[in-house]
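Please read them with the structure open.

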2 protein chains.
Amino acid sequence: MIIYKKAILPSGFLANGVCAGIKKSGKSDLALFYSALPAKAAVQFTQNKIQAAPLKINKRHLKESRDFRAIAVNSGNANCFTGQSGSADAVKMAQYVAAGLKIAPKKILIASTGIIGKRLPVGKIKNAIPELIRGLSAKNVDKAKLAILTTDKFTKGITAKINIAGKTVTICGIAKGSGMIAPNMATMLAFIFTDADIAQAALNKALKTATGQSFNCISVDNCMSTNDTVIVMANGASRNAPVDTHGSFNLFSRALNLVCLELAKMIVRDAEGATKFIRIRVDKAGNFKQAKQIALAIANSALFKIAVYAESPNFFGRAVAAAGASRADIKEKDIKVKATSLKRRDIDINVSVNTGKSSATVYTCDLTHGYIKINAEYN
Amino acid sequence: MIIYKKAILPSGFLANGVCAGIKKSGKSDLALFYSALPAKAAVQFTQNKIQAAPLKINKRHLKESRDFRAIAVNSGNANCFTGQSGSADAVKMAQYVAAGLKIAPKKILIASTGIIGKRLPVGKIKNAIPELIRGLSAKNVDKAKLAILTTDKFTKGITAKINIAGKTVTICGIAKGSGMIAPNMATMLAFIFTDADIAQAALNKALKTATGQSFNCISVDNCMSTNDTVIVMANGASRNAPVDTHGSFNLFSRALNLVCLELAKMIVRDAEGATKFIRIRVDKAGNFKQAKQIALAIANSALFKIAVYAESPNFFGRAVAAAGASRADIKEKDIKVKATSLKRRDIDINVSVNTGKSSATVYTCDLTHGYIKINAEYN
């Protein structure tokens, strides 16, 4: 497996990003990912009971169609809590893109991120689509990476290449964060493109596994978003021997896990206001669920996160107090907490609870003045 | 019922507060509450699985004794996650106070609040006890109120007087906050004193009910403390016809509810860095539990709290997103959110979810730069 710390689109994929005028800042805010070949798609959505309009439209398209050709994404507006008008706007967004690409709307998936509760300016999206489609190219994935950002400070992309029976298969992921990041998932969008030939069931299984070990193991602020979406598109362009649930599946699954985990870590590194990247590993727990509960309870403790920000020895007591407040069954005398120096930018916290043999790792960041400032001013 | 917005100790109670030198700041840090008559006690503890040493000692004393004479409280050090040495220190603290008062140690209850993970300086406590006891008086409850504070900006006291068959019964509560405040309870200590003559079972029931409607309905930062303790002492000095579980019980219970709710609201008003007091009422929920889940999910959303701080219209979408992330069963189309102007210091948020007839109210505050600053610098 070869890893590239940038987005390299696999065979048959094109992308572009433009400024449609949705963001007040005038920054780019509309992205398109296009597959020249019909592609299978697997999707993971937020578990928030309030789901934004594009998620509802995607669920309908996933029922109506077995293959997909494009993903259209806007930033600056989440099209959430916008009621039936919002759903109609999401339908229009897919229709406009479909008309431009001359394909059926049901073959389009969409995503929106940004402010909640305001109508999506679909007229602006419609006007920008000709330019968006004209610029589609493999190279313009860099423009697409930019156009999906909200308060992110940097773009996020990674590529893994694997060899399946003599054919090179590419898996390329791009993502955006960077607040309202909580398990499960977050105001995070991730789009993964592969030229693998893979059965639908295998693709679904691989994405579910990868999401569980990556995007569902990060927390910035314990605020679960209404828009979280992870989509993988597989167009088969590499003409590999089909990835099945044996042999080559394990290799593909490992590569997809790695792509998702690296994107998840980038999201945490770029979290709003973060100055520290914190890895919390819980060992010797009764089972994986309890290990993860303890790790997340610490990761979500505002007091713990502020102590790390301040490089204060209070982090220790606050981590223990947070672990005790979790639902996991633990005893004070069994808890051991070790940490690398808080002076560093990357901090490892190791917690041992002596109730079993299971481990879990979650990733989080510190809670800072920057986080407050960004979220007070965001509009 | 007559309410006084200050602490007026009932008959037979004395108090004092002194500086034992536990706090680096040199502020007062040791308080004593004393009853001249043996008093019944009821106690509610934190639900954190990590419990500080004084809680363990209190649980032992509550098994060993039916009546109590004093509560000793230190601030500046929580005596938590201090292991067996910490338990030994807590035992010593009770012993020193008992020796000074010439009563059995099992008739003493204790409480500690402050930094976690450091040994309690029991020598300093021992040295301060003679002065602490010499100064015991009804008036010095004001010194006691001060000595239990940590980062609180103001002292918290309230008194209710009721008439039971011709006798005046006084219920006086004092408390401290002001961070790590989450349901259930918080790094909060509350001590309530009454001269009522009341059966043990009735006292237990009244405190449990009052706590459920007050201290367990507030959240500052969703961080559950290891030291939360609410104690009520009833010494019977008013010689009222005993409060039973009928008639006079309802009056007593209402007065205790009111004392606890007012203390809980003061804790929220004085929360670390808070600039806004937020009442969140959820109506038309399927049951009380779901109503409270929704209200607390909103109260604990960092993004919602920052939006209120910033007086930003984003509060609306963030409240809805938080409600959707709760465990309660709700649908987007049924959610209505109304709020009074965010410009005011006191803000009412009313959420209607149209799934039933139950309501719940919780109290919280905004999340501000002040909160970060206080908790980064606390040591």
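Predicted model: local features only at pLDDT ≥ 70, side-chain atom pairs only at ≥ 80, totals over all residues.

The points below go from the chain arrangement to the sheets and then to the helices.

1. **Relation of the two chains.** Chain B can be laid on chain A with an RMSD of 0.0 Å.

2. **The surface used.** The interface residues of chain B are, at 100%, also interface residues in chain A, so the copies meet through the same surface. The contact draws 42 residues from chain B and 43 residues from chain A.

3. **What chain B brings to the contact.** On the side of chain B that touches chain A, the elements giving two or more residues are H8, H9 and helix H10 (369-377) of chain B. H9(B) supplies the largest share, nine residues. By class, this side of chain B has 23 nonpolar, 14 polar and five charged residues.

4. **The sheet of chain A.** Five strands form an open sheet in chain A, with the order S9-S14-S11-S13-S12. The pairing is mixed. Strand S9 (218-219) and strand S12 (336-339) of chain A stand at the edges. Each has a single partner strand, so one side of each is left without a neighbour in the sheet.

5. S9(A) pairs with strand S14 (residues 358-365) of chain A. The sense is parallel, over two bridges. Ser219(A) has Thr364(A) as its bridge partner in S14(A).

6. S11(A) pairs with S14(A) in the antiparallel sense over seven bridges. In this pairing, the bridge partner of Ala285(A) in S14(A) is Ser358(A). S11(A) also pairs with S13(A), in the parallel sense and over seven bridges. Here Val282(A) has Val351(A) of S13(A) as its bridge partner.

7. S12(A) and S13(A) run antiparallel and are joined by four bridges. Lys336(A) is bridged to Ser352(A) in S13(A). The two strands S12(A) and S13(A) form a hairpin, with six residues between them.

8. **The sheet of chain B.** Chain B has an open sheet of five strands in the order S9-S14-S11-S13-S12, with mixed pairing. Its edge strands are strand S9 (218-219) and strand S12 (336-339) of chain B, each pairing on one side only. S9(B) pairs with strand S14 (residues 358-365) of chain B in the parallel sense, over two bridges.

9. In chain A, helix H7 (residues 288-299) lies across S9, strand S11 (277-285), strand S13 (346-352) and S14. H7 of chain A runs at about 25° to S14(A). In chain B, helix H7 (residues 288-299) lies across S9, strand S11 (277-285), strand S13 (346-352) and S14. There, H7 of chain B runs at about 25° to S14(B).

10. **H8 and H9 in chain A.** The axes of helix H8 (residues 302-309) and helix H9 (residues 314-325) of chain A come within 8 Å and cross at roughly 160°. That makes H8(A) roughly antiparallel to H9(A). The crossing of H8(A) and H9(A) is left-handed. From H8(A), the contact uses Leu303(A), Phe304(A), Ala307(A) and Val308(A). From H9(A), it uses Asn314(A), Phe315(A), Arg318(A), Ala319(A) and Ala322(A). This contact has seven nonpolar, one polar and one charged residues.

11. **H8 and H9 in chain B.** Which way do H8(B) and H9(B) run, roughly parallel or roughly antiparallel to each other? The axes of helix H8 (residues 302-309) and helix H9 (residues 314-325) of chain B come within 8 Å and cross at roughly 160°. The helices H8(B) and H9(B) are therefore roughly antiparallel to each other. Their crossing, H8(B) with H9(B), is left-handed. Among the residues making the contact are Phe304(B) of H8(B) and Phe315(B) of H9(B). The contact residues of H8(B) with H9(B) divide into seven nonpolar, one polar and one charged.

Definitions and conventions. Residues numbered from 1 in each chain as written. Chains lettered and ligands numbered in written order. Axes fitted to C-alpha atoms, helices over the stretch in contact; angles between N-to-C directions. Parallel < 35°, antiparallel > 145°, perpendicular 65-115°, else oblique. Left-handed = near helix turned anticlockwise from the far one by under 90°. Contact = placed C-beta atoms within 7 Å. Nonpolar A, V, L, I, M, F, W, Y, C, P; charged D, E, K, R; others polar. Least-squares fit on C-alpha atoms with pLDDT ≥ 70 in both. Pairing = 2+ DSSP bridges.
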